[in-house]
Amino acid sequence: MDDQKPISRHQQKKANREAILMDAKKPLTEGELARLERMKRSVQNRRGRKQPSVMPAKLARTSAFAPRRKGLITDSNFMRVYEVPGYSVVEVRGRELGSQHRDAIYALFRLPRAKISMPNPSYKPRTFTAPTISCYETRTTWRELLKVMGKGEHVNNLLSLLNTFQEIQQVSLTIHQGSSIEELEKIRKSRAAGVLPDTAGSASPIIKELSWDGAQLDSGITVQYGTSVLEMIEKAYLVSINAEVQFRLKSDHAKTFWPFIDSQPNHSYIDEERLAHLAGRSLWAEDMTSAHRAQFRKECREAFNDMRMAGGLREWREEVTGSGRNKSRRYHYVHASPRQLEMDLIKTVSQG
């Protein structure tokens with residue numbers, strides 16, 4: 001497969017707007033253009049998925065979940081800021097999260113959400129405070145959650161999932177506004193200097209409230225999402241990932257890499273340094289020995305094989321870049337399912 005440079009978001013937006021303007025029969029306002037562009041991007045990102053998981057982009061492209069299930073730090077004083085430079089800054093407090101927590105949260109985002117309004121407890125008449133506040137809420141059952149995760153509808157699986165949610169409840173998982181720690185610091189300094197209002201750069205938990213009626217398969221579960229997620233849903237800062245593949249993956253590293261790879265339809269390769277960021281590691285840190293890097297590369301190869309076996313990738317290959325001690329790896333891949341536009345093209349050619 002030939003090397004292909006990923007199309008930048010700016011280039012994609014420009015192409016989308018040009019296509020929309022060519023199709024339009026009358027002049028469009030900026031707001032109409034933006035809405036149509038979001039819809040076009042959404043269509044481009046589909047890959048023939050039956051029931052994708054739709055979530056905030058920063059949640060799909062984060063390193064906040066350790067690529068393992070056991071040996072997690074459970075200390076209530078645990079706090080760490082995870083950065084995937086250029087994509088996300090996520091803060092975790094309360095305990096370390098692993099692959100099982102990622103799968104549980106992704107399953108929630110696979111289910112429908114409803115917007116609800118409720119009285120604002122901070123409301124005071126004749127002030128600028130709104131009388132009501134809004135949030136998005138998912139109502140489901142343990143049976144439905146197990147079903148969307150591809151797990152058997154058995155009480156043992158229910159108890160494991162219940163334990164996972166109890167651990168998630170111990171955590172404050174916060175999405176920050178900046179896409180890197182450097183950008184986040186600039187926002188904080190601007191707020192301190194009064195250049196930006198106090199609300200700029202604010203953050204809130206992803207899950208505001210999570211409750212369940214009991215430990216029976218048909219017991220109800222209610223999830224309310226925090227204001228960070230509310231804002232991202234309202235402004236369509238969402239991506240879709242093939243959840244069928246996510247829940248079929250066996251490798252914890254594959255579960256870490258797949259959401260990032262699948263949420264960016266115009267990319268066809270990824271460098272190992274980015275994979276290390278996604279795994280919460282720094283490939284060239286002082287504590288990363290040659291043996292550690294060799295083990296990580298082995299885990300990367302296993303992860304890509306797993307993504308292929310799970311039906312996410314059709315093929316992949318490893319390229320060695322650089323030379324000597326600066327030798328690195330780049331992983332090229334081809335998605336197993338074409339994007340919607342590619343599917344339309346294939347259909348047109350076959351009909352012709």
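Strands β2 and β3 (residues 88-93) run antiparallel and are joined by six bridges. Strands (E, at least two residues) and helices (H or I, at least four) are DSSP runs, numbered from the N terminus. The model is predicted: local features need pLDDT of at least 70, side-chain atom pairs count only at pLDDT 80 or more, and totals for chains, interfaces and linings use all residues. Residues are numbered from 1 along each chain as its sequence is written, and side-chain values use heavy atoms, without hydrogens and water.

The open sheet has three strands in the order β2-β3-β6, with antiparallel pairing. Pairing requires at least two DSSP bridges between two strands. β2 (79-84) and β6 (172-175) are the edge strands; each has a single partner, so one side of each lacks a neighbour in the sheet. Neighbouring strands are turned by 15° against each other on average, direction ignored.

In α4, 12 of the 12 residues are buried, so the helix is largely enclosed by the rest of the structure. Buried means under 20% relative accessible area (1.4 Å probe, protein chains only).

The axes of α4 and helix α6 (residues 155-169) come within 10 Å and cross at roughly 95°. Axes are lines fitted to C-alpha atoms, for helices over the stretch in contact; angles run from 0 to 180 degrees between N-to-C directions. The two helices, α4 and α6, are therefore roughly perpendicular (65 to 115 degrees).

Technical notes
Buried < 20%, exposed > 50% of the residue type's maximum accessible area, 1.4 Å probe, protein only. Parallel < 35°, antiparallel > 145°, perpendicular 65-115°, else oblique.
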